[in-house]
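Colleague: I would like to learn how to read helix geometry and helix packing. Can we work through one case?

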Amino acid sequence: MLDAIRVQEVSPTVAWLRSPAAIRERCHQVLDLGLAGRLEYFRVEPSRLPTVVDRVLAVTHEAYPRLDIPVHSRWRHFDAGGVPRLAQLQAKLAPLPPEERARAKVDLGVVSVLLDAGSGPAWRYQEPGGATYVRSEGLAVASLRMFMAGGFSSDPDRPLRADAEALGRMTRESLERGFQVSASNPLLGVEGRLHLMKELSRVLPRPGSLFDMLAAHRRSVRAAEVLGTVLDVLGPIWPGRTTVDGVNLGDVWAHPALGPTDSADSLVPFHKLSQWLAYSLVEPLAEAGVVVTELDALTGLPEYRNGGLFVDLGVLVPQDPRLLTEVYDPGDAPIVEWRALTVALLDRVAALVRGRLELSAEELPLAKVLQGGTWTAGRRVAGELRAGGVPPIRVRSDGTVF
């Protein structure tokens with residue numbers, strides 16, 4: 001299985017830009033500039049952080065009164081609406097050996113995360129015989145139902161898997177059918193999502209191969225290594241964007257405040273979907289007896305719920321009110337600045353939340369603060385301020401970033 005996987009050799013600069021340490025360092029550089037009043041697009045108001053912490057603690061206590069908070073991951077969305085879909089999946093996987101169950105769950109996790117970029121406000125998924133879901137939960141339920149129906153497998157006798165043959169022959173029509181897309185139910189970024197499925201088929205014989213790469217002959221793996229493996233293996237699937245030393249970097253963008261935009265010094269790595277995937281691999285690995293350690297090496301996720309929380313509660317104040325009305329591309333400087341500030345501020349919020357709860361980083365890692373947490377608070381506040389809970393800043397989605 002692993003013999004077909006080829007990982008491109010990269011330069012030290014590329015290797016560093018693929019590390020969570022680089023994400024954190026560059027994002028905190030942007031925050032330092034903001035605190036010094038040297039950013040063009042946002043003013044940073046740290047005095048508003050306690051208000052954010054109040055909202056995060058409120059939703060955390062509401063959802064997890066005993067603070068038994070799981071890791072922020074794709075798995076939280078599969079049981080949307082209180083429907084025990086994961087239990088249904090587990091029952092179907094039960095006859096398989098433990099390692100094959102883990103591969104199947106990694107298959108699902110990888111495909112579902114890569115199909116998870118923002119849906120847009122108009123899309124809905126009506127679960128057969130059930131309720132209607134939107135946004136991340138809707139995308140999760142749709143991808144799970146496709147998976148359980150064998151939509152990602154080329155073998156009718158083994159439907160509960162994903163493989164290169166099925167992903168490679170996927171069409172826009174089959175993807176739209178699985179996600180109930182129509183003229184009256186538009187989903188943003190369908191072509192981008194389809195691109196990721198086809199490119200995924202070219203780099204892995206099956207997504208579950210990642211399990212073998214991470215779990216072979218050991219009982220633990222560092223979170224940074226999980227992310228590194230995801231970025232090394234899946235790096236070629238991202239649409240062509242910034243390149244360094246001939247390597248496409250994916251979710252990495254220049255910010256002019258850090259240096260000349262044609263130099264690596266200006267680059268801010270985010271790797272949002274890749275980090276979301278790394279977090280989502282924790283549970284399948286754990287179920288197979290492989291513990292992911294040093295989870296706090298990963299960063300917060302720079303997406304519109306976390307970022308919107310800081311804008312809506314006044315921690316990040318747009319210098320120009322047009323930031324709240326115009327539509328931007330992911331590589332536009334205001335969006336790069338917003339995302340970088342979000343990552344760095346999430347570290348500060350996590351520290352303040354732990355202080356209020358009198359818990360250590362080991363007891364309440366960042367991944368649990370996100371779940372408790374910042375993502376839900378961001379959605380809740382957005383819903384209070386705007387119809388449909390749309391984010392305060394609008395970004396064009398191509399299905400491959402947010």
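Modeller: Start with helix α16, residues 366-385. The rule for the expected span is 1.5 Å times one less than the number of residues. Helices here are DSSP runs of H or I with at least four residues, strands are E runs of at least two, and both are numbered from the N terminus.

Colleague: What should I know about the source of the coordinates?

Modeller: This is a predicted model: local features need pLDDT of at least 70, side-chain atom pairs count only at pLDDT 80 or more, and totals for chains, interfaces and linings use all residues. Residues are numbered from 1 along each chain as its sequence is written, and side-chain values use heavy atoms, with hydrogens and water left out.

Colleague: Where does α16 bend?

Modeller: A bend is the angle between axes fitted to the seven residues ending at a residue and the seven starting there. α16 bends by about 30° at Gly372.

Colleague: At what angle do α3 and α16 pack?

Modeller: Axes are lines fitted to C-alpha atoms, for helices over the stretch in contact, and angles run from 0 to 180 degrees between N-to-C directions. Helix α3 (residues 49-63) packs on α16 at about 105°, with the axes 8 Å apart. Under 35 degrees counts as roughly parallel, over 145 as roughly antiparallel, 65 to 115 as roughly perpendicular, and the rest as oblique. So α3 is roughly perpendicular to α16.

Colleague: Which residues make the contact?

Modeller: Contact means heavy atoms within 4.5 Å. From α3 they include Arg55, Val56 and Val59; from α16, Gly372 and Arg380 are among them. By class, this contact of α3 with α16 has four nonpolar, five polar and four charged residues. Ala, Val, Leu, Ile, Met, Phe, Trp, Tyr, Cys and Pro count as nonpolar, Asp, Glu, Lys and Arg as charged, and the others, Gly among them, as polar.

Colleague: How do α15 and α16 cross?

Modeller: Their axes come within 10 Å and cross at roughly 85°. That makes α15 roughly perpendicular to α16. Leu346 and Val349 of α15 are among the residues that meet α16, whose side includes Leu366 and Leu370. The contact of α15 with α16 divides into seven nonpolar, one polar and two charged residues.

Colleague: And the whole chain?

Modeller: The protein chain has 16 helices and 12 strands. Its C-alpha atoms fill a box of roughly 60 × 45 × 45 Å, taken along the principal axes.
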